[in-house]
Structure formats: C-alpha cells, structure tokens
There are 2 protein chains.
Amino acid sequence: MKLFSFWRSLATYRVRIALNLKGLVPDEVIDVNLMKGDQRGDAFRKVNPQMVLPALVDGEGPALFQSLAIIEYLDETHPQPPLLPKDPRSRARVRGLAQIVACDSHPLLVPRIREYLEHELKLDEPTRLKWIHTWIGAALKALESNLAGSKETGRFCHGDAVTIADICLASQAAGANFYKYDLAPFPTVRRIVDACMQNDAFARAHPLRQPGAPASV
Amino acid sequence: MKLFSFWRSLATYRVRIALNLKGLVPDEVIDVNLMKGDQRGDAFRKVNPQMVLPALVDGEGPALFQSLAIIEYLDETHPQPPLLPKDPRSRARVRGLAQIVACDSHPLLVPRIREYLEHELKLDEPTRLKWIHTWIGAALKALESNLAGSKETGRFCHGDAVTIADICLASQAAGANFYKYDLAPFPTVRRIVDACMQNDAFARAHPLRQPGAPASV
C-alpha cells in the first residue's frame, strides 16, 4: 500500500487512524505538501485528478480516493476489528455522524476554500477565521445534540467500540484545535474524543505526530 | 416510512431516486420549506438537530439523516436492485465518486452557505454566483476526468448498472441546471446523466417534478 499524505490533512488523518486500527502499515507514505500546493502538481494530479488528499494505492489499479470511501474499503478488505456496527440502523447512524463531519463541516475549511476566501474574496483574517469557526461550530452542535441525546451513545459515538464516526469526530476535534475553537460547550464530544486519544491507533495518527509537523499549531 | 423533503433539496433528490429504484413509496412526505427556513423551526429540529434535509423515519426509532447514509441503509434493508457493486475496489470507486458530489461540492452550495455569503459576507449576486459556479465546476472536472479516464465507466458511472455514484451525478447535474452552469465541457458526465434521466426512477424524483416546484428555474 502507498498512502499519499500530509501532516495537516484531516481527511488523511482519518485514513491513518483506520490503517492503525486494522494493523496495516503502508509500504510507502508519500508527502504531498498542501501548503506548497503540491496537490495541484502534475505528479499528484495523475494519482488523483480531484487534486485533494488522501489517496491510497493498494496493489494494481488506480488510486482510491475520498477518505470515507477508503475507510469502508479497508473495513471490507480487512474486517477485523470492524469499523461499523452490524445492523443497518446502527450503520446508518454511524455513517450519518461521520458525514456530518466529512460532508458538512470539513469541506468548508480545506485549503482551496481558505485560499478562495483570502485571494478571491479578499477577506481579512478575522473574517476568514469567523467563517471557519462558524462551520466547525455548526457541526459540533449537531454532533453534541445527537450524541448527548441518543441512548446508542456509549464510551464511543455508537456503543463501546470504535467506529467510523469516532474517526471523523477525532478529525473534527483536531481541526477545532488547529483554529483554537473551544470544545468546552460540547462535553459529550470532548469525552469521546478523549477516549479516542487514549487509543494508540488514534494518537499515533494525529497530525502533530506526522513528519514535517510543527510542535504545536 | 416518512420522508422529510423539499422540492429544491438536492440531497433529498438523491434519497427520492433511491426510494424509487427500490420501489419504495413513503407513507408520508413532509414538506420542509428551505426557502422559508422551516428546517430551523422547532418541529424539524426535533427530527434532525442538524437542521438539514433529508431525514427519513422508518418504523420506530429516531430519524435517519445524511443522504448517503440513508441510501446505504435503503440498500442494506432492500437489497434489490443493488446500488453498489460487489467487490470492495469497485465499491470504493462508486463511493468515492458519490462523495466528490456529496462531500466536496454540494455542501458548498446549500442554503446556510448561500445565506452566509449574502447576509454575513455581504457579497453581491455575481460574486455569489461565481462562488457557486467555481465549486460546481471543480467537482464536474474531477468527475469527468475520472469517468472519461476509467475503463470501469460504462453506460453508467460504474459499468452498466445504476449505482450511488449515478444518483449523486444526477443531483450534481440538477444543481448545475439551477445555476445555469453549462455541462457541455463534460461529455461523459452529460452522457451518463442523460442515461439516468431515461430511467423513470430518476425522472420522477427530479426537483422540478415535486409538489411546490416552479415550472423551471
């Protein structure tokens, strides 16, 4: 396996957690520096024409793309430990929680959006930060409301075993931390993220523990 | 089944297509008028605290949320006809294509974002339209590049049977049409969307064929 990665990419963080949980170690981790725009270079564009991270090459055939699609692929090809519950209703809840992060929050903060806000819309730094905080917060409110209000919530988002929802929640918390967004109003989110970070598969995958990362953000 | 829906919601369009493909007819379709902000009213907030469409209630238990999670639930509970291929690599490609739409394009155009651009950032109409066209176009370019360049592409996005990727592609095309974004530079996308629209399950689900919709946009 070859993983195209960057320390700061929250979507790649999700895939790294899944790989760690499954005990999979990529043969190669290729750095695509999002801060230098390497994702738009010819080399990576051939791997993933969408020019976004992550991408995973597993054996022959083209790269897999989109973090949730890659994680479900890893779950289907390496079923232990499972990252989704067994029954359809529980699976829908887990996928729904994951998608609050991966569809409705994170895509609003990625490099191309931040660059558009700055260079195309010419927004100043406080206005850009307010944008980021607005959408990080909207997702956290939705997640807290669901997690605190559901009897399905356990030590983790769904019961007491880690699922794709926890992987996404951890990435949401890391993004909040990048932008100094306080998790205090979201006690259930915070409790579950703390539980995740006690798991070495999450801790080792954290952006700030990747090559090239600064000591703090 | 109870579907919370609005004619213009592209995410709900996706769920309507899936229901039609499975031959499922909701007992009730509840209109949540996104243009009047009904999604933020107390009634719907109790159904889906994220305050976004769609939501599906199936029997007892809380509403299901997030269009892709709902569609996979329908596929798991009503397996015929399948909306995903069988092998993991193909499933990853289909889910990845679907997520280009559902994660990286559509969430940038939804009501709350359009309202923020207008009322919080005070952007004028041409600037807001350029934002919308930019992200519709970025996804279409990525989709066209993948679809035109892959030997897996057939009559539909993946082979000759309809999958979740086609459902998302149809919603992307409907969104492009809302904003008069020309599909001419994307011949493979256009060919597949045309094939989809020949299927009554897609055609009947179209936003402009729902109660309350205008004759055109």
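In chain B, four strands form an open sheet of mixed pairing, arranged in the order S2-S1-S3-S4. The edges of this sheet are strand S2 (28-31) and strand S4 (64-65) of chain B, each of which pairs on one side only. The model described here is a predicted one. Strand S1 (residues 2-5) of chain B is joined to S2(B) by four bridges, and the two strands run in the parallel sense. Within this pair, B:Phe4 lies opposite B:Ile30 of S2(B). Together with helix H1 (residues 10-22) of chain B, S1(B) and S2(B) make up a β-α-β unit, and the unit is right-handed.

Chain A also has an open sheet of four strands, in the order S2-S1-S3-S4 and with mixed pairing. Strand S1 (residues 2-5) of chain A runs parallel to strand S2 (residues 28-31) of chain A, and four bridges join the two. One of the residues involved is A:Ser5, whose bridge partner in S2(A) is A:Asp31. Between S1(A) and S2(A) the chain passes through helix H1 (residues 10-21) of chain A, in a right-handed β-α-β crossover. S1(A) also pairs with strand S3 (residues 55-57) of chain A, here in the antiparallel sense and over three bridges. In this pairing A:Lys2 stands opposite A:Val57 of S3(A), and A:Phe4 stands opposite A:Ala55 of S3(A).

The relation between the chains was examined by superposition. Chain A is brought onto chain B by a rotation of 180 degrees with a shift of 0.0 Å along the axis, at an RMSD of 0.0 Å. The two copies are therefore related as by a two-fold rotation axis. In chain A, the C-alpha nearest this axis belongs to A:Cys103, at 1.9 Å from it. Both copies use the same surface, with 97% of the contact residues of chain A recurring in chain B.

Contacts between the chains involve 30 residues of chain A and 30 residues of chain B. On the side of chain A that touches chain B, two or more residues come from each of strand S4 (64-65), helix H3 (67-77), helix H4 (88-102) and helix H6 (125-149) of chain A. H4(A) gives the most to this side, with nine residues. Sorted by class, the side of chain A that touches chain B holds 15 nonpolar, nine polar and six charged residues.

The largest nonpolar core comprises 134 residues, of which A:Ile164, A:Leu169, B:Ile164 and B:Leu169 touch the most other members. With residues up to four places away in sequence left out of the count, B:Leu169 touches B:Val101, B:Leu143, B:Cys157, B:Val189, B:Ile192, B:Val193 and B:Cys196.

A:Thr134 is located in helix H6 of chain A. A:Thr134 counts as partly exposed because 14 C-beta neighbours lie inside 10 Å. Along the sequence, A:Thr134 is 45 residues apart from A:Arg89, and the C-alpha atoms of the two are 30 Å apart in space. B:Asp194 is located in helix H8 (residues 187-197) of chain B. With 11 C-beta neighbours inside 10 Å, B:Asp194 is classed as exposed, since the exposed class takes residues with 12 or fewer. The C-alpha atoms of B:Asp194 and B:Asp87 are separated by 26 Å, and these residues are 107 apart along the chain.

Methods
Residues are numbered from 1 along each chain as its sequence is written. Chains are lettered from A and ligands numbered from 1 in the order in which they are written. This is a predicted model: local features need pLDDT of at least 70, side-chain atom pairs count only at pLDDT 80 or more; totals for chains, interfaces and linings use all residues. A nonpolar core is a set of buried Ala, Val, Leu, Ile, Met, Phe, Trp, Tyr and Cys residues joined through C-beta atoms within 7 Å. A residue is buried if 20 or more other C-beta atoms lie within 10 Å of its own, exposed if 12 or fewer, and partly exposed in between; C-beta atoms are placed from the backbone. Two residues are in contact if their C-beta atoms, placed from the backbone, lie within 7 Å. Ala, Val, Leu, Ile, Met, Phe, Trp, Tyr, Cys and Pro count as nonpolar, Asp, Glu, Lys and Arg as charged, and the others, Gly among them, as polar. Two strands pair if DSSP finds at least two bridges between them. A crossover is right-handed if, with the strands pointing away from the viewer, the path from the first strand over the helix to the second runs clockwise. Copies are superposed by least squares on the C-alpha atoms of residues with pLDDT of at least 70 in both.
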